[in-house]
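Hello,

Here is the structure I promised to pass on to you. Please have a look at it first, and then read my notes below.

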Amino acid sequence: MEPLDLTTQPPRPPRAVLCGVYFLPRTIDKLRAELPGGVMGPYLNHDTGFSAWVVRKLGLDMNEFRDAVARAATEDDVVAWLAQRIPAGAGESINAKFETFLASRMSPADQQLVRERHPVMAERPDLDRILDILEAEDARAFASR
């Protein structure tokens with residue numbers, strides 16, 4: 001697959017779905033940004049944060065996932081690799097968790113961490129769902145380009 005430069009475009013939205021699971025397309029984009037010629041830009045390494053949580057919940061190994069993306073000629077190759085490893089219906093509970101994951105329910109320390117990583121929270125106090133915060137942050141970061 002071609003590397004991505006995440007200084008020129010955001011990764012796919014957190015609600016984008018592959019194999020029925022949120023965050024997998026976004027994680028693939030971050031992994032592609034790690035390929036030679038790619039650039040992570042302002043995004044967190046995929047080994048931390050929500051991408052890492054999804055990968056762990058699916059029972060995948062991040063290093064194996066990284067290698068699969070690096071070896072893949074196309075995204076279809078990655079989807080085929082994932083389809084062999086993700087149980088049917090695994091995304092339902094993950095997606096439901098994300099749809100109800102509110103920043104206001106996080107510990108004060110985690111809320112502070114999210115505010116530091118996603119300044120849009122200060123600009124948009126109406127946002128509480130983590131998926132909405134991430135989408136708004138992508139839009140804010142690339143609005144001036």
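**What I found**

F23 sits in the loop between β2 and α1. (Helices, H or I with at least four residues, and strands, E with at least two, are DSSP runs numbered from the N terminus.) With a relative accessible area of 2%, F23 is buried; here buried means under 20% relative accessible area, exposed over 50%, and partly exposed in between (1.4 Å probe, protein chains only). F23 also has a positive phi of about 75 degrees, although it is not a glycine. C19, in the loop between β1 and β2, is not a glycine either, and has a positive phi of about 55 degrees. C19 counts as partly exposed because its relative accessibility is 32%. As background, most residues other than glycine have a negative phi.

Before you go further, please note that this is a predicted model: local features need pLDDT of at least 70, side-chain atom pairs count only at pLDDT 80 or more, and totals for chains, interfaces and linings use all residues. Residues are numbered from 1 along each chain as its sequence is written, and side-chain values use heavy atoms, with hydrogens and water left out.

**Helix α1**

Helix α1 (residues 24-33) is mostly covered, with ten of its ten residues buried. Among them are L24, I28, L31 and A33, but also the charged R26, D29, K30 and R32. (Lys and Arg count as positive and Asp and Glu as negative; His and the chain ends are not counted.) The buried residues of α1 pack against β1, β2 (21-22), α2, α3 (62-71), α4 and α8. D29 is placed in this helix and counts as buried at 3% relative accessibility. Apart from neighbours within four places in sequence, D29 is in contact (heavy atoms within 4.5 Å) with L4, L6, P11 and R12.

**Salt bridges**

How many salt bridges does a search of the whole structure find? There are eleven, where a salt bridge is a side-chain nitrogen of Lys or Arg within 4 Å of a carboxyl oxygen of Asp or Glu.

- R26 and D138 meet through their side chains at 2.8 Å, N to O. R26 lies in helix α1 and D138 in helix α8 (residues 130-142), so the pair ties together parts that are 112 residues apart in sequence. Both R26 and D138 are buried.
- E75 pairs with R12, their closest N and O atoms being 2.6 Å apart. This pair links distant parts of the chain, with E75 in helix α4 (residues 75-83) and R12 in the segment before β1 (17-18), 63 residues apart. E75 is partly exposed at 22%, and R12 is partly exposed at 26%.
- R124 forms a salt bridge with D126, with 2.8 Å between the closest N and O atoms. R124 is partly exposed at 35%, while D126 counts as exposed at 54%.

Salt bridges that share partners also join R15, E99, R129, D132 and E135 into one network.

**A charged patch**

On the surface, R56, K57, K97 and R105 gather in a patch of positive charge. Such a patch is made of residues with over 30% relative accessible area and no salt bridge, like charges being joined within 9 Å. R56 is in helix α2 (residues 49-57) and counts as exposed because its relative accessibility is 55%.

Best wishes

Definitions and conventions:
Patches are made of residues with over 30% relative accessible area and no salt bridge: like charges are joined within 9 Å, nonpolar side chains (Val, Leu, Ile, Met, Phe, Trp, Tyr) within 5 Å. Accessible areas come from the Shrake-Rupley method with a 1.4 Å probe; for residues, only the protein chains shown count as cover. The place of a charge is taken as NZ of Lys, CZ of Arg, CG of Asp or CD of Glu.
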